[in-house]
Amino acid sequence: MSPFTVQSALKGDIHLPTILFAKMDAYIKYLEYYLPQKTVSNNDLQQVFPEWDATKVAKKTGIEFRHQSAENETACDMAVSVCEKLFAKHPEVKATIDFILLCTQSPDFKLPTSACLIQDRLGLPNSVGALDFNLGCSGWVYGLSLAKGLLCTHIASNVLLITSETYTKYFHPKDKGNISLFGDGAAATVVSNAGFAAIGEFALGTDGSGENNLKVKTGGARFQKPLNEVTVDDNGYILASDYLYMNGPAIFNFTLETVPSLLEQCLAKNGLHDMADFYILHQANKFMLDTLRKICGIPKDRFYVDMQNTANTVSSTIPIALKDALDKNLVHKGDRVCTAGFGVGYSYGACVLDF
Amino acid sequence: MPKGTHSILVMTLQEFVQNIAEQFDDTDSSLFTPETDFQQFEEWGSLTALSIIAFVKMNYGKKITALDIRSCNSIQELYEFVENL
């Protein structure tokens, strides 16, 4: 039955999109990640911050190493690197890409759009659609939702979702907390109408009232020039207007308040009434994940925790963890895997992937 | 999703003191009494504050902030604050 016949039979066009789009599924087809060459160990940090207890912090955060982009290596460069790595492994996919979604909070320029630069540098055709979106730790899940939307509305058929972040360039040199927690990294995810994991339903959320708890204050339109304000907040964290500031306890509380119900909503939307087979949440740090797991009552063997060699790579932690979990054979065919990202904004989102 | 470990517990002050002591890795637990100003210990810092936030959330299902903790000058004050939330 042609679309025209369907439309005529229904005597109206209201039901047509539902019928046409219902059978369209979106899948993750390929996954790759890239980490900058330079690594910084806890021992390296101990040299810079002698008062810092490397062993204790490592035990609590679960982080041993973090990667740092070179001075002249940007998120855009890392995005190109991860895509080239993916295309080298799967040469046939390059010609099929018809949309680029880049998630970054470290664009090369205020304008033009970094995704446009990436289209040119990758040698993709001018028929490719491309856009940046500015999100942090929720970015990969939001990117999947955008990619699924593009696919299900027949706007694109193979979406290249790139997450790439260089938070290390935003740190005050004395901010040992953030320097120890974050690392740079990029991931590329190809979303298509066939693949190894079907993208299920989403639960998304936003709470902009948390804006001041994770912020780079200057450099945007509100405060274009550096304000040179450096102080220490009530918790002892460096609060510098021209660098990244994170209020750790506030972010921790936001996560504990938000994520359990986010996961519940996501599971319900996906018809899961007990729990998912496996959970891959944003790999912020071990302590936060352990606490969330206990609050949600999820068994250890269903809950992925590993950021030992990468630290928190912001929007790339979930695809990095997912690829590693697949390589370690922790996710199996038939599994329903719950993923969730949460952080700066505040912004949060969860999605179930059907393997 | 099954219920987690955040069901509300009845905890005595003595048990609460013991639990606060357990959030510290390097401070002798015999130093902890209801009157102890736990923020004066050398080990006190942002990581221990996070541990206490997590402890209260998991055991009482209640949210406390770093500011709430700072306003308490002893473990007993923190206990009463949490109990009255």
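1. Let's start with A:Phe254, which sits in helix α9 of chain A, residues 248-269. Helices here are DSSP runs of H or I with at least four residues, strands are E runs of at least two, and both are numbered from the N terminus. Keep in mind that this is a predicted model: local features need pLDDT of at least 70, side-chain atom pairs count only at pLDDT 80 or more, and totals for chains, interfaces and linings use all residues. Residues are numbered from 1 along each chain as its sequence is written, while chains are lettered from A and ligands numbered from 1 in the order in which they are written.

2. Is A:Phe254 buried or exposed? A:Phe254 counts as buried because it has 22 C-beta neighbours inside 10 Å (buried takes 20 or more other C-beta atoms within 10 Å, exposed 12 or fewer, partly exposed is in between, and C-beta atoms are placed from the backbone).

3. Leaving out residues up to four places away in sequence, A:Phe254 touches A:Gly210 and A:Tyr346; a contact has C-beta atoms, placed from the backbone, within 7 Å. A:Gly210 is 44 residues from A:Phe254 in sequence, yet their C-alpha atoms are 8.4 Å apart.

4. Now for the two chains: 22 residues of chain A are in contact with 21 residues of chain B. On the chain A side, α4 (54-61), α9 and α10 (286-296) each give two or more residues. Helix α9 of chain A gives the most, with nine residues.

5. As for chain A as a whole, it has 11 helices and 15 strands. Of its 355 residues, 47% count as buried.
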